[in-house]
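Colleague: I am new to this structure and would like to go through it in short questions. Please show it before we start.

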Amino acid sequence: MEPSSLNTSLDLQVSALEMMVHWGRCSLTADYLAGYVAPTFPDSDSARVEISMILDELIENAVKFCADVQEPVAVTVDSFGHCVRLKVSNLCHKHQAEDL
């Protein structure tokens with residue numbers, strides 16, 4: 001079976017407060033998840049860097065704009081061979097969601 005034909009889904013929930021207190025965990029989480037899915041891409045080194053950079057920004061923003069730091073930030077990475085879907089969600093204030 002070709003590695004590019006394998007589908008992977010990773011789901012993770014992290015404490016927004018813990019990520020705020022230990023800010024470096026945002027990039028560590030992004031690096032780990034990117035490193036996990038990158039090998040299915042033709043240029044896995046570039047894919048790892050790009051996926052990590054995007055995930056890091058998404059995670060940092062979800063943590064930064066979380067309405068309640070006691071609520072988790074959810075991170076989902078779905079890999080479909082040479083394609084990846086990234087989803088990061090948090091609890092936010094209504095006006096923040098409407099501004100998007």
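Predicted model: local features only at pLDDT ≥ 70, side-chain atom pairs only at ≥ 80, totals over all residues.

The questions below go from the overall fold to single residues.

Colleague: How much of the protein chain counts as buried?
Modeller: The C-alpha atoms fill a box of roughly 45 × 25 × 20 Å along the principal axes. The accessible surface is about 6,300 Å², and carbon and sulfur atoms hold 54% of that surface. Of the 100 residues in the chain, the share that counts as buried is 30%.

Colleague: Which element gives the most residues to the largest nonpolar core?
Modeller: That core has 21 residues, and those touching the most other members are Ile51, Leu55, Ile59, Val73 and Val75. Two or more residues each come from strand 1 (7–15), helix 1 (16–21), helix 2, helix 3 (44–64) and strand 2 (72–80). With six residues, the element that gives the most is helix 3.

Colleague: Is the aromatic pair stacked, edge-to-face or tilted?
Modeller: The structure holds one aromatic pair. Its rings belong to Tyr32 and Tyr36, with centres 6.3 Å apart and planes at 45 degrees. Planes under 30 degrees apart would count as stacked and over 60 as edge-to-face, so the pair of Tyr32 and Tyr36 is tilted.

Colleague: Where do Tyr32 and Tyr36 lie?
Modeller: Tyr32 is exposed, at a relative accessible area of 56%, while Tyr36 is partly exposed at 45%. The two are four residues apart, about one turn of the helix. Both lie in helix 2 (residues 24–37).

Colleague: How many disulfides does a search of the whole structure find?
Modeller: Cys26 is buried, with a relative accessible area of 0%. The cysteine sulfur closest to that of Cys26 is in Cys66, 11 Å away, which is too far for a bond. Over the whole structure, the number of disulfides found is zero.

Colleague: Which side chain makes a polar contact with the side chain of Asp78?
Modeller: Asp78 has its place in strand 2 and is buried, with a relative accessible area of 11%. Leaving aside neighbours within four places in sequence, Asp78 is in contact with Thr8, Ser9, Cys83, Val84 and Arg85. Of these, Cys83 counts as partly exposed, at 45% relative accessibility. The polar contact, at 2.6 Å, is with the side chain of Ser9.

Colleague: How far apart in space are Gln96 and Phe80, C-alpha to C-alpha?
Modeller: Gln96 has its place in helix 4 (residues 94–99) and is partly exposed, at a relative accessible area of 22%. In sequence, Gln96 and Phe80 are 16 residues apart. In space, the C-alpha to C-alpha distance between Gln96 and Phe80 is 31 Å.

Note on methods:
Residues numbered from 1 in each chain as written. Heavy atoms only, no water. Phe/Tyr/Trp six-rings, centres within 6.5 Å; stacked < 30°, edge-to-face > 60°. Buried < 20%, exposed > 50% of the residue type's maximum accessible area, 1.4 Å probe, protein only. Core = buried A, V, L, I, M, F, W, Y, C linked by side-chain atoms within 4.5 Å. Disulfide = S-S within 2.5 Å. Areas by Shrake-Rupley, 256 points an atom, 1.4 Å probe, with all protein chains shown as cover. Polar contact = N/O pair within 3.5 Å; in protein donor to acceptor, adjacent residues only side chain to side chain. Contact = heavy atoms within 4.5 Å.
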